[in-house]
Amino acid sequence: MADPGVQSEQEPFLSDCTPGSSEWDIIETEDHYKSRWRSIRILYLTMFLSSVGFSIVIMSIWPYLQKIDQTADASFLGWVIAVFSLGQMVASPIFGWWSNYRPRKEPLTVSIFISVTANCLYAYVHVPASHNKYYMLAARGLVGFGAGNVAVIRSYIAGATSLQERTSSMANTSACQALGFILGPVFQTCFALIGEKGVTWDTIQLQINMYTAPVLLGAFLGILNIILILTILREHRVDDSGRRCKNINFEEASAEEVQAPQGNIDQVAVVTTNVLFFVVLFIFALFETILTPLTMDMYAWTPEQAVLYDGIILAALGVEAVIIFMGIKLLSKKFGERAILLGGLIVVWAGFFILLPWGNQYPKIQWEDLHNNSIPNTTFGEIIITLWRSPKEDHSEGPTGCPIAQAWCLNTPVIHLAQFLTSAALIGIGYPSCNVMSYTLYSKILGPRPQGVYMGWLTASGSAARILGPVFISQVYTSWGPRWAFSLVCGIVVLTITLLGGAYRRLVAFSVRHGRIQEEPS
């Protein structure tokens, strides 16, 4: 028998079932409950390791690319960064479709194996005599392709949790993802102690240095992850009330399992949620991209100062996001997912509105010609490049401030530091709130049916946003400056809020829409 705490979590919102009845007995046994949550926690770990795999090399890609191939320029760097999201965008619907018809172990194991192989390829990109940069491009693309398993992870968790458990589970998943993005660069910093030379295993031509050690660790953790998935993960599926459903991913279904409820999915709500999710990730991706150029232009920071201070700011936003993910579980019970999503968008709008330049004080102008150690704000790759500046380089005599090549520098007021930090804090509150609520609402709208393909499209829309966001902001910011750039972002958020308001009543759980469960007041 399950303990009372477990039993209360399993009780459906509306049901004629009473403890001891046959209907109650098929909801869940204690063994099934423990197995289900072991499997979900394994996928939390998988999400964490997937995020670490992306971020653990992000600070060292540029110097490593320069080291292995002198022909690589900032434009190519942009492709190396973007190809991860391209690979994920392509793979997500594929793995999602696969997970709808076969045991989820299959796409998860194959995707992680692809990531392990890609990490090993990354460690050997120095070996070929030429075209090394293309091998790195292929390696990062394959890592992104393997990361398409995010759709499988979220669809599994959506199908293995009741409505009562869904928000908390999705928040935990997002928290693991955010924690991976935070800790990845920390691991990279630890490996910097090995140095560029490191050690070489001549027999297999393997160099273990500050660039390759992180991906080798990623490959090792991937192998451990595969072992855990094969030995611990079990197929589980419950309906919105928490009752076990017949699982098409596992042939030997229990006779006690009930058929998944039938009914049409609200496609308007599905499309709306995809658009909302795209905008949320689009906005945060452009904010991350513009952070370093903006602070260097506004405050005349050197590249070393920008990397240090902006790194601290991003780390603080990451910690803030984890706190929001944890606290949002309680808020959603009181206000509901739709209200929190709307509130998050309003907070994001306030953050970008505060970021608009005001007043009569102007930034320091960089009158000197642009040098190699200044900020050419022209392409995505050139913007990202400042994140990989070596702290040992001497930039003390290089020009700082807003480059005169950007004509808007002469007539755009400075964004004060307090103004900027307040904006960053608000965006750090609004983004995680919108992120987890989008996923949670989406999974509830889809209902108890297999969600692999739908989650694949949602993940693909997020990947597209991470590609287009940096391209958009780099072009608008360079040509027209922060006033136009952030005004357009504010306009996009207003349109998104309007879209949410128009579809607000349709963004309800599948079982609520079909009258099987009564909607809780929010």
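The model is predicted: local features need pLDDT of at least 70, side-chain atom pairs count only at pLDDT 80 or more, and totals for chains, interfaces and linings use all residues. Residues are numbered from 1 along each chain as its sequence is written, and side-chain values use heavy atoms, with hydrogens and water left out.

**Overall fold**

- The protein chain has 18 helices and four strands, taken as DSSP runs numbered from the N terminus (helices: H or I, at least four residues; strands: E, at least two).
- Of the 522 residues of the chain, 57% count as buried, where buried means under 20% relative accessible area, exposed over 50% and partly exposed in between (1.4 Å probe, protein chains only).
- Among contacts (heavy atoms within 4.5 Å) between residues at least 6 apart in sequence, 81% join residues at least 24 apart.

**Helix 3 and helix 10**

- Helix 3 (residues 30-55) packs with helix 10 (residues 213-232) at an angle of about 165 degrees, their axes being 10 Å apart. The two helices are therefore roughly antiparallel, a term that applies to angles over 145 degrees. Axes are lines fitted to C-alpha atoms, for helices over the stretch in contact, and angles run from 0 to 180 degrees between N-to-C directions.
- Helix 3 contributes R38, S39, I42, L45, T46 and L49 to the contact, and helix 10 contributes L221, N225, L228, I229 and I232.
- These residues divide into seven nonpolar, three polar and one charged. Ala, Val, Leu, Ile, Met, Phe, Trp, Tyr, Cys and Pro count as nonpolar, Asp, Glu, Lys and Arg as charged, and the others, Gly among them, as polar.
- L221 lies in helix 10 and is partly exposed, with a relative accessible area of 24%. The C-alpha atoms of L221 and T46 are separated by 9.7 Å, although the residues are 175 apart along the chain.

**Nonpolar cores**

- The largest nonpolar core has 96 residues, with F352 and F486 making the most contacts inside it. Such a core is a set of buried Ala, Val, Leu, Ile, Met, Phe, Trp, Tyr and Cys residues joined through side-chain atoms within 4.5 Å.
- Helix 11 (residues 267-299) supplies the largest share of this core, 18 residues.
- Not counting residues up to four places away in sequence, F352 touches I283, L286, F287, S423, I427, F486, V489 and C490.
- A second, separate core of 27 residues includes I58, W62, I81 and A139.

**S423**

- S423 is located in helix 15 (residues 417-446) and counts as buried, at 0% relative accessibility.
- Leaving aside neighbours within four places in sequence, S423 is in contact with G351, F352, I354 and L355.

Methods
Angles under 35 degrees count as roughly parallel, over 145 as roughly antiparallel, 65 to 115 as roughly perpendicular and the rest as oblique.
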